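Please take the sequence and the model below as the starting point for a guided reading. The paragraphs that follow go from single sheets and strands to whole chains and domains.

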Amino acid sequence: MGLLGVLATVGVSFAQVTPDRLVNAAREPDQWLMYSGSYDGSRFSPLDQINRTNVQRLSLQWVFQTRVRGTHETTPLVIDGVLYMTTPQNHAYAIDTRTGRPLWHYERALPKEMSICCGPQNRGLAALGDRLFLGTLDAHVVALDAKTGRVRWDVAAADADKGFSFTGAPLVVKDKVIVGVAGGEYGIRGFIDAYDTQTGARAWRFYTIPGEGERGVETWKGDSWKRGGAPAWVTGSYDPELNTLYWGTGNPGPQMYGPNRLGDNLYSDSLIALDPDTGKLKWYFQFTPHDVHDWDSTHTPILLDETIAGRPRKLVAVANRNGFFYVLDRVTGAYLLGKPYTQVTWAKEIDGNGRPVVLPNTEPTAEGNRVCPSGTGGTNWHSPSYSPRTRLVYFFSYEQCDTFMSDEKLEPPHRPGRPYIGSAFFPVPEERTHSAVRAVDPKTGTIRWEFKEFADAWAGVFSTAGGLVFSGDGQGNFIALDAETGRDLWHVQLGASIQTAAVSFSVDGRQHVVITAGDALFAFALPKDQ
Amino acid sequence: MRIGVPGARAILAVAFVAGVSLQAAAQAPASFPEAIKNPFAGDAKAITAGAVLFREDCVFCHGVGAHGGMRGPDLTTGSWNHGGSDADLATTIKSGVPGTAMPPNNLPDDEIWQLVSYLRTLQQPPTTVAGDRQRGETLFFGNLRCSTCHIVNGRGGGLGPELSTVGSARSRTYLVDSIRRPAAQLTPNRIVGDSVSLKYDTVTAVTNDGRTIVGVPLNEDTFTVQLMDTSEHIYSLDKKSLKSFRHDDRSLMPAYDAARLNESDLNDLVAYLQSLRSVSASKKGGRP
């Protein structure tokens, strides 16, 4: 019974989100308890009421218009009958899942000017107990009361005037809320923070760039580590059995100008494995050493188990922005597999140690150098999905090459809070681009199928036990694909770009799928008589 | 991270340039007093800083070395569409140009002046165009039949891009090139958004009953395409229902080569097109 039902009939207190519920989120398919649905980053729903045979009957149940300007990139949470969503500029709403009617609205007073490279986005909340946690554009972490939206605590993590911000959804692990900072274009030194969910006291900070005297600082020329970027702006994943947190890191800065930061630039463009209790590094794997193409590796890591070469392995899979699909051993970080999933012109292959074999003349030049994939990458922050039924990894892929420019003579100055980029990339005007949803077998890196979308698609994916993969295009089509074959089974035009991934939940025994398009949230379900 | 898909990419690039101002829409456009002079004029450090800023913030539209790009005009011609004084340039950078792709840029004043310092180093002497504007207008609406497809201030057809303010947005070189070789750089179609994926190219669709439809795309998504043919008929087609569907990187506009359009007529036509300006441009006069 949902929260509203409980209140109406019994008046019992609001259900608590416990650490156990989070660990076992997959056993509560009626809810959507965290950013990726469960700790393994799979964004998979075990619900199968909506499936391949009836998806054509999906019908609109309600629409919630936030009226907050800007295409939303948020993933809602659904807890005991209430949906919690954020919007750009740090609004948050609680919405009745039966009717789409709002229950409360939180609006943050933000500074007039902010250093946000890519829009004032927010990608969602985390929950524990009766609280919700929000990372803000002005680099605070805020705990909201889930029943009222009122602030329980609010702490400043960093100085927003110096380019720090939060855009990703936090992740709760045990009694801590974990957030990764954004601002890789502003000469920051990136970090991942953990805060006590009760008090807001900071429990630990892991700098994504080693400091003076620490191992790895030698991978930065001079003191360039102090402003080397490596943000951590997309939510990570967590393995409760291994008690390990997996989190991706972003580009080194200045992003396309390399001469003043010679070296591998650890731990930029890496997957890092941390102890969530202490923030201590367990291992790291760097995908793109000394990146000069803006290939953040902030993707959601997918934790899955498979038998490889006759041996059961605990794996972590990532479709990287640099154009390669990787599989690592998530216990040790050992490299197992790296295969291109899109056009790649910068590296011949990934060698046996997981290091790219970089081709000559692929660095940005003063007059511009065409390299594939584009600066936005073969994929980007968009949520991937893994179905334990099909045992395939699904993700959004973008087929584009870019001209990358950087002039060695023009070293960008470091001005805290101002862009620290050094150059530019842009598409080749005469080349056509398209997008695709791809299904990859994580055992081999082989592309099993792809569904082509028109240019400008920019949405994540979501898979279900109903044999479906949901995606969206840049023109507003919300699309359901057959998870086995990639065949399109259903779509609806929602009138504005879809730039996030769907989630699913159940209310009154009916499975719903929700997606934001533009600045509205749309809820679909099968008609009541089904 | 940075920037998004081409459409979103451009939008976000703009957002990036401008920083994020939550109240931008409510603010009056900033302008610099007419008498103000660039405090960094000729300063070597400022010129270098301006070059860095230009590479970060401006090349996407104005191209490498400011020679014109996907949306923005060539800034090296010595001719300024929106005024060429220091104050004019600074105001154009800060406030953008309404009605064009030029956005406001929320940069500190010293960075604006650094950009102005850099732009001053790129100037070529203005080219004199000896065309007859009036005769060009007659050609446009008469013998050359440009107005069959292009609308100017309410007169003309709907298949091609509107040209009512093309003189503000495009350099002479670009205009000449577009007339001589229309396929060289296909104009983005920004009617329904800011995507650079929609452009004035040629779409050919063959229906299942064997009809061939050739036209310019008005819009397109994963499943459908909407297009206009040369008779201005509008079609809405489901891609799955077509026998074949393709885009070609060519323009439906004929190439006006030397045989079709002599140099003198070309100069007259370009003089007319260059006179088509947005309100802000015509006020300024366009010269330093």
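**A walk through chains A and B**

In chain A, four strands make up an open sheet whose order is β3-β4-β5-β6, and the pairing is antiparallel. At the edges stand β3 (77–79) and β6 (102–107) of chain A, each with a single partner strand, so one side of each is left without a neighbour in the sheet. Neighbouring strands of this sheet are turned against each other by 15° on average, direction ignored, where the axes are lines fitted to C-alpha atoms (for helices over the stretch in contact) and angles run from 0 to 180 degrees between N-to-C directions. Strands here are DSSP runs of E with at least two residues, helices are runs of H or I with at least four residues, and both are numbered from the N terminus; two strands pair if DSSP finds at least two bridges between them.

The model is a predicted one, in which local features need pLDDT of at least 70 and side-chain atom pairs count only at pLDDT 80 or more, whereas totals for chains, interfaces and linings use all residues. Residues are numbered from 1 along each chain as its sequence is written, while chains are lettered from A and ligands numbered from 1 in the order in which they are written.

Further along chain A lies strand β18 (residues 270–274), and five of its five residues are buried, so the strand is largely enclosed by the rest of the structure. A residue is called buried if 20 or more other C-beta atoms, placed from the backbone, lie within 10 Å of its own, exposed if 12 or fewer do, and partly exposed in between. Both faces of β18(A) are covered, with Ser270(A), Ile272(A) and Leu274(A) buried on one side and Leu271(A) and Ala273(A) buried on the other. Strand β17 (residues 244–248) of chain A runs antiparallel to β18(A) and is joined to it by four bridges, with Trp247(A) standing opposite Ile272(A). Five bridges join β18(A) to the antiparallel strand β19 (residues 281–286) of chain A, and there Leu274(A) stands opposite Leu281(A). β18(A) and β19(A) form a hairpin with six residues between them, and Gly279(A) in the turn has a positive phi of about 80°.

Taken as a whole, chain A has two helices and 39 strands, and 60% of its 530 residues count as buried. Its C-alpha trace spans about 70 × 50 × 45 Å along the principal axes.

Chain B is divided into domain 1 (6–120), domain 2 (133–186 + 254–284) and domain 3 (202–248), with bounds that come from an automatic or database domain assignment. In chain B, 12 residues of domain 1 are in contact with 11 residues of domain 2, contact meaning that the C-beta atoms, placed from the backbone, lie within 7 Å.

A closer look at one residue of chain B can end the tour. Gly96(B) lies in the loop between α4 (86–95) and α5 (109–120) of chain B, and Gly96(B) is partly exposed, with 19 other C-beta atoms within 10 Å. Not counting residues up to four places away in sequence, Gly96(B) touches Met102(B), Pro103(B) and Pro104(B).

Definitions and conventions
Contact = placed C-beta atoms within 7 Å.
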